[in-house]
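Hi,

Here is the structure I promised to pass on to you.

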Amino acid sequence: MVRAFVGLGSNLGERRETLRAAIGRLRGLAEVEVKGVSSFRDTDPVDYLDQPRFLNGVVELETQLSARALLGALLELERAFGRDRTTSPPHGPRTLDLDLLLYGDATIDEPLLKVPHPRLQERRFVLEPLAEIGATLVDPVTRESVAELLLRCG
C-alpha cells in the first residue's frame, strides 16, 4: 500500500456538497482507502482571478493503485462531476478539481503526471490542509517537511 495525498477544490455549484460527495466516491474506489480528510478552506482564486472563490481541502489515501491508475481514477471522478478539461480554461472555474499531490516518496516526471504536484510549494491553499493531516510529510524534491514548506510559503 502506498500513502497518497489528493488536493480537492470546487468553485461552482454547491461546493461543500460536491467535495463531500467526491470523498464518498473516493471511498468507493477499489484498492483505495480514505485515511484522513482535512477541514475545508474558503480561498481566493489564483492565476485566473475572475471567478468565484474556491473551497479547498486534502484527502489522505492508502492505495494499491499505481500513480498513473490513481490519476486516471481522479480524472474520471472529475468528469463524473461535470468537469471537462478540454473545454474549460486552465485554472478556470470548475465543479471539481482533484490533484495528486504526493504519492509515497515518489518523484514522477511524465508528460501528464508530475509528483509531487509541480506547484505544491507555492500553494498555501494546499499546504494548509496538507499540514493539518500530514505536517511531518516530507517533500521528496526539497526534502523539507510540509510544515517547513508552509512557513516559507508567501
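Below is what turned up, starting with the helices and moving on to the salt bridges. Please keep in mind that this is a predicted model.

Let's begin with α1 (residues 15-27) and α2 (residues 67-80). Their axes lie 11 Å apart, and the two helices pack at an angle of about 135 degrees. The crossing of α1 and α2 is right-handed. On the α1 side the contact involves Ala22, Arg25 and Leu26, which meet Leu74, Leu77 and Ala80 of α2. Sorted by class, that makes five nonpolar residues, one charged and no polar ones.

Helix α3 (residues 124-134) has a buried set made up of Val126, Leu127, Pro129, Leu130, Ala131, Ile133 and Gly134. These buried residues pack against several elements, including β1 (2-10), β4 (54-63), β5 (97-103) and α4 (146-152).

Now for the charges: the structure holds 20 salt bridges. One of them links arginine 53 to aspartate 44, with the closest N and O atoms 2.2 Å apart. Arginine 53 is partly exposed at 36% relative accessibility, while aspartate 44 is exposed at 52%. Another salt bridge joins glutamate 122 and arginine 119 at 3.3 Å, N to O, and here arginine 119 is partly exposed at 26%. Arginine 152, exposed at 52%, forms a salt bridge with glutamate 144 at 2.6 Å between the closest N and O atoms. Finally, shared partners tie Glu78, Arg83, Arg85, Arg94 and Asp97 into one salt-bridge network.

Notes: Residues numbered from 1 in each chain as written. Predicted model: local features only at pLDDT ≥ 70, side-chain atom pairs only at ≥ 80, totals over all residues. Heavy atoms only, no water. Axes fitted to C-alpha atoms, helices over the stretch in contact; angles between N-to-C directions. Helix = DSSP H or I, 4+ residues; strand = E, 2+ residues; numbered from the N terminus. Left-handed = near helix turned anticlockwise from the far one by under 90°. Contact = heavy atoms within 4.5 Å. Nonpolar A, V, L, I, M, F, W, Y, C, P; charged D, E, K, R; others polar. Buried < 20%, exposed > 50% of the residue type's maximum accessible area, 1.4 Å probe, protein only. Salt bridge = Lys/Arg side-chain N within 4 Å of Asp/Glu carboxyl O.
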